[in-house]
Amino acid sequence: MRLSLFYFFYCILSLLSLPAMASWQRSVTNYTRHDYKAGNQNWMIAQHDNGWMYFANNKGLLEFDGDEWDTYSINNAKTRAVKAGNDGKIYVGGMGQFGYFVPNRLGGLDYVCLSDSISKQTDIGVIWNIHIAGGRVYFQSDRSIFYLENNKIKVIKYAYEIKYSAIIGNRFYIASKEGLLVLNGNDFSVLAGTEDIASFKVVGLLPLNNKILVVTGRNGLFLYDGVSMAKYASAADPFMQANQLFCAAIKDSFLALGSVQDGVLLLNHEKNRAEKISISNGLQNKTVLGLFFDRENNLWLGLDNGIDCIHLDSPLFSLYGNKSLIGSGYASYYYNGKFYLGTNQGLYVTEYPRQLNENVDMQFVHSTEGQVWALMEYDQKLFCSSDNGIFIIDANSVSHLDGLRGVWTMKSVKNRPDLLIAGTYNGLYLLKKDEGKWTLSRRVEGFKYSCKMLFAEDLSNVFWVANKERGIFRVTLSADLTHVIKVKNYNSTTLPIGNNTYISKVNNEIVISSREGLFRYNQIRDCLERFSWLEQTLGDNNISCSFLEQDQYRDIWYVTDGTLKLLRYNKALKSYIKNENESYLKGSLIEDFEHIRIYDDNLAVIGTEEGFSLLKFRRNIQKKYPLNLQIRKVYLTGGKDSLIYGRSFIYNTAPLVISYSNNSLRIVYSVNNYDKSLVTFYSCKLSGDREEEWSAYSENNTKEYTDLKEGHYTFSVKIITDKNKKPIVTSFNFEILPPWYRTWWVYSLYALVGTLLLCYIYYKIVESRKKLVLQKEQEIIKQKVKFKKESELKDKTIDSLKEENLQAELSHKSEELIRTTLNIVRKNEILQNIRKEALGISHSINEENLVSIRRKTLRLINQIDTNMEHDDDLQAFQTTFDSVHYDFFKCLEEQFPELNNKEKMLCAYIKMNLMSKEIAPLLNISVRGVEISRYRLRKKLNLGEKDNLAEFLQRLSK
């Protein structure tokens, strides 16, 4: 009971808080003071031939090129009037000031004051209006008309206050307390029959059907036909009775009336149909100070605080003027003559959108509060899938399906009209129609994952399921749909888990749209493969898509980078044609929950974060936007950005010349696309000494280049506005100068230096040849001297070699002498040993019969002694010793002839530094005998006690 009362009061409060009336409203773009960074009040508005907009603001003149705002002061005076001339000037006027602006070389505007030429005694007042006609530029103030003619300022004074002025049919009219007047020469004449408006405040004089439409502040509209003034009744009368008008503007069939209290009224005077546009319809401010229809059929409003642009030809319309009064839009459906809207607040019902700005009832559907995900018509009923389960709506009632919560969507089952499959937060459920009533039958066993995306194949028991956390599955159910018999996951490295995917059918192909690109289901191989054809048709390989659907006309609607795009199918060509300009609602769609429903060949309803938008995409009819593409500014981007080139409505076409040290640039371009709901795409390229291909279309309106080489370049940028037209292209030329070391004068200097260098080289060659001859002569002399020295050196070398050879031979002889000596020593030692043994034998034989043997043994010992004393080796030793020691024996015989052979040999052995024990066997004597022989030898050589025998013998050979 308490729960029922709670729902009852909740529904009552919801209905009370919901605005009862709703309407589909025109697209409006708001520009706040934070956007244009100037004063609050905006008055008269003008447009130049290039499409740029100009506004009279309290801080001066505002300029808007579609992308950037600029403010220009008129000597710090508040500006009230502006007019774009055909002579390359923007005329302005304000409080005690008027003049004009002309473009400068950097794309800005410079002010030229005209009012300074007027006498200081003349009261200028406030300039409220500016007109151009007949070679004159008129500046209308409170009580005077100043005009510029032949570069001179003249004044036409008027006795009364001028309420309003206008030029209609090349004639200058004013409204005052006298009525309506016309300027003839320099005098005003009162028009007959206009006395009735003399006391009214006139806020507009406009041409209408070859008559003059007089707009008053509080007294309505009047028509003057040249004879009389008549009241003009229209559908705008109730609005004018309730509000004070301040301004007016007319173009074609539209009359705009700006008020102080409640925005603007747009009157179609041909159909006598009026629509009010105020704060509830998207305006920032109720007080309208200025109105202007531009050439793109936008209505600009100068507000007391801000600037608004109403896009009269925009194909986009919004519910509640982009004010989220019913929540964000997730689903819509036209059912049983009513239009149902599913939002995050619940389900609403209203009338089908047939006419703009027409108020219709908006009702909340009882008990459907909460998040609505999807709407589907089936069995002549409307099924609403929501966070609170399933609601079933028929012509007379709303019922809730018990036992089920958190339903994403539902799908019908082929060949089973009594069954529905519901995809929920935790799996699949089966709904069954029993005795005319839909009930929850059971849960489908075997699959428990969230079914955010549910897609039914042509087969009655096969469904595709996808969610962010688990991925993509193809689920095969049993014939009775009660349980799962097969589940396969199709994620891979190219299509990983972690992002939402959208499943749809394009040309009978199952297509999976993802942030990694587009994939198709290959039924033969049972796998997902990249859908290259569709990606290339959409114009981007691996295109990131969060939504993609093909409508009944074979057109493809898709969302990429948060922007809705349309790819149209051409029946005649049987192919798809892409138009980059058909891009809508960037940044307004609900990511991963996009909703687009086509209701006929002209109308699409789109869910947005602010509710719903209506798109009249006019099948086979393209909107023509006469846009002006402009290269706006060029900056040098070295250490510090500096503006070096700019374009205004007049600019210098001469190529821009840039030094090599500043060869890094940033180029800014723009287009006067004032409807921000329609995205502009640019493509650019650089040609010349550096050739590029056209870049891919993007929203970026800047391009940077770094380290450009010297040369001539042409930078080009283009946009596409219509598939049947060529792209709009603009360009500008610039030149990068070479560095100083590659300039022509440096090359001339290089040539001069090269010539001088060649001359110097020639001179040096001649001089070097002379020096070379002299050098050769000197070298010949040096060679002779050198040859002589070398000859001497060679002789010395030969002598040295001979001496070395002798030394080597001497060394060899010494070695031979040593070997000979050693051989004699060894032989004598052996012979002595034999002698000793022979003596032992002879001493041992004493018997008489052995006398003869003893005699033979003695004879053998004598022969050994004789051999030891007279061996030929001694003679060889003496010969070798003399060759080594330079005739030592000869010198010894000459000085000491009394020496015998044994003493001479002792001298030789002592000179060889042999020890006594080594000399003894050589002389066949004992060591004691050697000492005695040394003593005797010292006597014969006359040596004293202190004289060294070995040293004496060493000196003797020298």
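**View 1. Packing of helices α8 and α9 in a predicted model.** Helix α8 (residues 888-895) packs against helix α9 (residues 901-911) at an angle of about 130°, their axes 11 Å apart. Helices are DSSP runs of H or I with at least four residues, strands runs of E with at least two, numbered from the N terminus. Axes are lines fitted to C-alpha atoms, for helices over the stretch in contact; angles run from 0 to 180 degrees between N-to-C directions. α8 and α9 are therefore oblique to each other (under 35 degrees is roughly parallel, over 145 roughly antiparallel, 65 to 115 roughly perpendicular, the rest oblique). Their crossing is right-handed (the near helix is turned clockwise from the far one by less than a right angle).

**View 2. Residues at the α8-α9 contact.** From α8 come F888, F889, L892 and E893. They meet K904, M905, C907, A908 and K911 of α9 (contact: heavy atoms within 4.5 Å). Six of the contact residues are nonpolar, none polar and three charged (nonpolar: Ala, Val, Leu, Ile, Met, Phe, Trp, Tyr, Cys, Pro; charged: Asp, Glu, Lys, Arg; polar: the others, Gly among them).

**View 3. An open sheet of four strands.** The order is β48-β49-β50-β51, with antiparallel pairing (at least two DSSP bridges between two strands). β48 (502-506) and β51 (527-530) are the edge strands; each has a single partner, so one side of each lacks a neighbour in the sheet. Neighbouring strands are turned by 35° against each other on average, direction ignored.

**View 4. Pairing of β48 with β49.** Five bridges join β48 to β49 (residues 509-514) in the antiparallel sense. K505 has I510 in β49 as its bridge partner.

Residues are numbered from 1 along each chain as its sequence is written. In this predicted model, local features need pLDDT of at least 70 and side-chain atom pairs pLDDT 80 or more, while totals for chains, interfaces and linings use all residues; side-chain values use heavy atoms, without hydrogens and water.
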